Structures are given as structure tokens and as C-alpha cells.
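The exercises below ask you to work through a structure step by step, with a solution after each task.

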Amino acid sequence: MSQNPGPLRYSTYVASECQDRKTRRTFNDVDQLRETLRKELYGNFHSVTAATDRDPSKAGPGQHVLQVFNRLGRSTSEIDIFIARSNFAPNAERSRWAGIPAEPKNEHELYDSFREIINEILVYFDVSHAGAIVTDKGRSPDDCLQSWTSPDISIISPEIYTSNLSPDDFKQMINKGKGPVFDYCSTVSPIEVELEETVTLGNAFQLGFYARVCFVTQHNRMFVLNCILTHETVTLYQFDRHGAVRTQSVNIHSHPHFLVRAILSMAGNNLEAAGFDTRITKVDRGKNRKPYVSIVLNGRTFKATGEQIHRHSLRGRGVVVWPTTEVDQSGDNLTDDRGRVRGFVIKIYYRAASKVSECSLLHKAADIEGVAKIIHGEDGPKLSDLNMFGPRILDIAPHNYDPTHPRKAQLHFRDRVCETILLNRCGPSVLGCNDAMDRLSMFWNVILAHGRLWLACVLHRDISLGNILMDAWVKGRAYVIDMDQAVKFAGSIETTDDTQTGTRLYQSLMVLQSYSKTQGRRYPHDHLDDLESFIWAFVYASLHPGGNDKIVHELCDGWNDENPRIALNAKMALLTSPGRSEVAEALTALLYPQHYLLLVNVLLQFIEDVVGTKLSHLRKWPHNFFPLKYLRDRFLDNDHLVIAGWFKTTEALLRGENENPVVYDRTMFSFPQLPQGGPDHSIDLISSPLKPDTSGSTSPASDLSSSGPLFRPDATFHLNTPVPPTHFAPRPSPQSLSRQRHSSSLDPPLSPSLPGAPGPSSSSSSSSSSSKRPNDSADVSDRMVKRRASGSGGKDNEV
């Protein structure tokens, strides 16, 4: 084959790269792979009646399929002429497609015949960008997994941006009918060939895997059309970000028109018709110049400059993030007024049509410091626009993901919209930070940014280290990104019913608790869950300084487990006194100073108190929870200011600018101030009782004094305004300062058992320190409730 100078090289998607989308577990056999596909397609595998009538104007249950075929611009008369001239199609002399035996011994006898039929159809209708080759022989037959990952026949194209094929290579492969080694980088449509009597629903999941790999390998893929061919029938499938839809099996000999239309649909008149986003292309700049991936957006051209971030999944948002630079027509980088090459990020994903767009949320946060800045955003096609087969009917509703248990029922189609966003590029994740003080500075920056979003009635809901990026130019500053899971709660009675959001590694304990099948009610996702995710992200980054997490620290084992119960127990074990001691010992081994250890200890106390209080609310409040708007209007960003103050105080302590350590005081937060009886219909959800004045005190805007005192930190705290760390300590009381520091805390600031820990010799929480760290299989949430009931966690303030 001819050599293409400086081609783009994309790794072949092989078995070792087949990872589960929620965990980093690599598949070892076909059963694991098939099980993941069953979960992804669970309840989203649908069937429609196939159109077999030659007259597209004739009504029938398969009319919508004919309408799809008519998008190709191929009339019935054109197909009639092809069938009359074809060397293979049924005619007056033969009742079957030539080369397709009525009783083949095995499927291998059908490969070459179907390849020749497909290529004849594509050549006759001038589909020059695509051709068919046999790809089954590209894998070793003694490797079950790798054999299962290869389609029998593939329609390929050198015009796909991921393809490494030159035009000459493509022609040689089509003429030979096969290639040296198969990969998905050039695949337009994978085809499965089976004997009629051996076709099962399991073949559909095999097609699902082919489609899944196309989505993972080709980052501009909108949908994948493929089919199952037998010596008697063809079944056409479409896979997209909602799931899968298929036609019924159609006899290819009785209805040759359907086979012709199916092949033309899979190859498409062009790549856009075949399911590709043609804004993303490969640009060849000629000899001795390396080609690049071009993305055209809003009349501007961008060049991909690094590895894309994408999801290994078929269904869902399908997020792809492209690091780019803007280029001119010749492919050279454009610079700003200072001569610097500006970096951009292009994010493409499929959001639920019922959700508010991330673009609108980013525009709303344009003036909020610490949130990624948007330049442009636009909505693309909906899945309903790409829905090739009309209304979707549920064909498989498997019990325990069993595809052999069919149950037909109508299914509501959950539409998605392709959204594209252009952002200024930030730096790498804060996980890569190796400086303790810089890490502290970046975290209080982003916590305050989250607080400003909360004041703007926006809740992020997906806080993770991957969504906290360092500033590329300013040391110690960071940005919150990725708001495609955020919600806007402008209404006065809204709560977030979708509680199972976020990145598993950093999900809050109440979010993990909501996965329990025995949990009848779920606590709504609120700002405290996001603050807890900040804390888990901070602890994880502290245990993996410099981003060295190839070997996960033993204290973080289980955080990212696919089973939410294991992840829940792994985190709750760190909230006990022995667990906090283990964290302190691990941080001491990494040479963190004592004030840093004290901060982590106080943060874990905060999580323990929040979880215990919410579990108590679940038992005491039988019906409703407080709406997000009520929490925001009543408490503003008080909780954010307290926790950000802890980080800033610790940073000041490490710099020698302060001497007062951080102290946990639950009266500083909002959750103890909620009425014990829960919400009722008489609550005024619009009034904002807390309005800071110049003196730093809080004046009620309405008569809600019965709700108890709320110590609010200085509300004028700003990123660029140095604030003394003492502003975030509890307000002085008549008692002595040393006693005031410990009177309302759940535990001493740091367990005396920790190396070099300050604090009194006697523990004020003996019941907490005496509890043992549970194993991974234990249910710790009930123990938390019992501990609070016994008094170890402190009592909620009475209202």
C-alpha cells in the first residue's frame, strides 16, 4: 500500500481498551462486555414494523421507514432499474440473490457474496466515499473476546477524520475485499452475518458493541446504522445516544428493494447522511505537512491540539471535549495582541431536551469569577431529527438485564439535543497541583464561585477534580467547569428529584445512599452535597499529590466502586475517629503540616454532622423537604463562606499570617437551623431573612427570629479582597475563648491519638472515638443514626 506522509494516527480500539463507562475495570471476556451493553441499553431497545412495499405513497405500519429511505433521494424507479441490470438481484430467471445459497453450511460462505452485492449497489448509485470489505478474518479465531469485537463485513470510508487510509489504500482494500488489520477508525457501518436459524437477540447486543466502539473511536459520530444479514432476511438497526431501534426482519429475496435501501441508508449519500458531524473533518495540508483535525464553529476554524476527553459509552450525554487553537485558512495558529496563541475548548454533548442548556447557565454566570467563561454556544440537531425509524416501541424490557425476556409496551421517547460550547481554555486539573498552599487557595476560590452560582439559583451537581481546573496564567487560582448536570431552581417550590448525579469518586454520602433499593425516599440534592463533593475531591487530591493516582491510595479504595453501597461504606468509614486518625497518619506520612491535618479533620466532622442530620430528617419528615429556593433565600451562601473561610484560614496559618486554628462549630451552618418539624405550607419561600449590612451583622428581612440564631461570616468576602481568617471563626461569647472553641464541636479539633495533635488530653466524644471502622460490606448509615441518637453527634437546635 502507498504511504501517506505524516498521517494522523488513531489507536485501534482493541480488547484491552474496552472499559466500563462508570469504572476503570477492563473487560476480560465477552460476558462482561455483553452485560455492560445490556445495562446501557436496558429499557431502550425498540422495534418498528419494517416497510416492504415498493410504493412510498401507500399507507401502512412501516410508512415511516419508507420516509427515511426517501431522504436518500433514490426513487423506486431507480431501484427498479438497478435490480433489472444487477448481476446479483432476483429477476425472472432467479428467485434469490445470486451467490446466496438456500442452505449454507456456515456463515463464512456468505461473506464474499454479500460484500460483492453491497459494493455493486454502492458503485451503481455512485456512493464513491464508501465500500465494503470482509473484516471477520482480521482477528484471531482463538481469542473469543477479540473475535467478538470484529464485525463480519464493514462499510468503510477514507473520508472519516479518524481514518488512516489514503485514497489509494482504500481502493486496494475494496479490490482485494479485505484489509491487513481491521480497526474502527475507518468504519461507516459494521455488519453482522448469521445463519437464519442461529439469529438471537444476543446478536443485537453484538451490533450494539460495534456501534459503541464507533462512538468511542469516532468522536464526531451522531448515530450508527448497521444490520444483521442472513441468507434469508435483513434487520436494520439504528444506535444513538438514546438507545437502539430496529426494523423487523425482512426477506431479502421477496423484497430486494428493502435490501438496496438498507445498504444505501447505512453508507449514506455522504458522511453526514451516514451519521457523522461534518463540522469535524481531517485537513490534509499536502506533502511533508502533518494533517490536522479541523472544527468549524460559528464561522471560525479551530485545530485540535491534544487528546480528546470522551466517554466510553453508547447511551447518555456522549461528552467529547476538544482542546483547540484558532487557525487561519492555511492552518497556522492565530495570536492575540501580545503575540500569544490562545487556547480554546470545544465541548460537544447531548443534553436531555427537557433540561436547561449549559450555554444559558454559563451566560448567566458570565460575571461570576471562578467559573469558566463561554465565548459561543449553539444547539444542533435533536435525536428526534435523527430518528430514522419513527415512533419507538419498547421491544425488550429485560428482567435483570435478560435480553431473552421480551415484553412489548409503549415507551416515552426521551429526546436529546446536541449542544456545542466554545470556552476559553483553562489549565490542567487541580489534581496535578503539588503545592499545599496553592491547593488550599484554589479550593477556596472555587467554593466561593460555587456559592455565587448558588446565589444565582444555579446548582452544579457534578463537582469533581476533573471539573476544577487550574488557571493557566495565575498561580493559586482555579475555575469550575462542566455545568451540563447543573439545574436552575428559579421556582419557589422546586427540589431536585434526580438525586443520582455526579462523578462516583466524589459523590456525597446522601447521593450514594439514594441508590439503595430499600430506600423509599431520597433526600434532594442540595448545595451541601456539592460542598461535600468539594471535600472528597480535596482529600483525594491531598492523598495523591502531583496527580500521581495510578496507584490509588488504600484509604480511597472503594470510592469509585461500581456498587454505590461499597463506595458509601468506604467513605463513611473515614468519618469515625479511627478513620480520621488513619487519614491524619496518611497525610503525616506525606509531610503535610499539622494545620493541614486539622483542616481535613474538621471537614470530615462537617460531613459527619451533615449526613447524620439529613438521615434524621428522612426519619422525621414523612412527606416533603425544603425547596432549594427556600434554602437559598433564607441562608444565602453562608455555608460556602464558612467552609471557604476554613481553607483560607489554613492557608494563612501555613504562611504564618494567623495563629488561630480552624474550629468546627455547627451553629455556623444552615442545616441545624431548619425547623425540626420539616416544611409546611405556611413557609414564606420568597423572603430573604439574611441581608448583610456594613457592620457585618445580619438583619432579618422578615420575622423569622423563631428559627434560632445564625452566625453568618463576613458576606463581603471576595477573591481579591484579603479577609482576616478570624472573620470565619464563631463569634465571641462571654465564655473564655479556649472553652468557646470546643463547646459546640462534635469532637476535639484533632484526635489526641494523632501524631503531634493539639487539643485537650480528654476526649469530649468518647462514644465517637470508641466506634470501630466497619468493613466494606457493613451498612454504616444506620450506625450513623444510632450514634446521633445516642448523643455522640450532638442534638439539633430546637426551634
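**Exercise 1.** Determine how many salt bridges a search of the whole structure finds, and describe the one between Arg-351 and Asp-379.

*Solution.* In this predicted model, a search of the whole structure finds 22 salt bridges. In one of them the side chains of Arg-351 and Asp-379 meet, at 2.9 Å from N to O. Arg-351 belongs to strand E14 and Asp-379 to strand E15, so the pair ties together parts that are 28 residues apart in sequence. Buried means under 20% relative accessible area, and Arg-351, at 9%, therefore counts as buried, whereas Asp-379, at 46%, counts as partly exposed.

**Exercise 2.** Work out how helices H16 and H18 are oriented to each other, and which classes of residue make their contact.

*Solution.* Helix H16 (residues 594–620) and helix H18 (residues 638–654) pack at an angle of about 170°, with their axes 9 Å apart. Because angles over 145 degrees count as roughly antiparallel, H16 and H18 are roughly antiparallel to each other. Residues making the contact include Tyr-596, Leu-599 and Phe-606 of H16, together with Trp-646 and Phe-647 of H18. Sorted by class, the contact has 10 nonpolar, two polar and no charged residues.

**Exercise 3.** Decide whether helix H14 is largely enclosed or open, and look at its start.

*Solution.* Seven of the nine residues of H14 (residues 564–572) are buried, so the helix is largely enclosed by the rest of the structure. Among these buried residues are Pro-564, Asn-569 and Lys-571. At the start of H14, a side-chain oxygen of Asn-563 comes to within 3.0 Å of the backbone nitrogen of Arg-565.

How values were computed: Residues are numbered from 1 along each chain as its sequence is written. This is a predicted model: local features need pLDDT of at least 70, side-chain atom pairs count only at pLDDT 80 or more; totals for chains, interfaces and linings use all residues. Side-chain values use heavy atoms; hydrogens and water are left out. Axes are lines fitted to C-alpha atoms, for helices over the stretch in contact, and angles run from 0 to 180 degrees between N-to-C directions. Helices (H or I, at least four residues) and strands (E, at least two) are DSSP runs, numbered from the N terminus. Angles under 35 degrees count as roughly parallel, over 145 as roughly antiparallel, 65 to 115 as roughly perpendicular and the rest as oblique. Contact means heavy atoms within 4.5 Å. Ala, Val, Leu, Ile, Met, Phe, Trp, Tyr, Cys and Pro count as nonpolar, Asp, Glu, Lys and Arg as charged, and the others, Gly among them, as polar. Buried means under 20% relative accessible area, exposed over 50%, partly exposed in between (1.4 Å probe, protein chains only). A polar contact is a pair of N or O atoms within 3.5 Å; within protein, one must be able to donate a hydrogen and the other to accept it, and residues adjacent in sequence count only if both atoms are side-chain atoms. A salt bridge is a side-chain nitrogen of Lys or Arg within 4 Å of a carboxyl oxygen of Asp or Glu.
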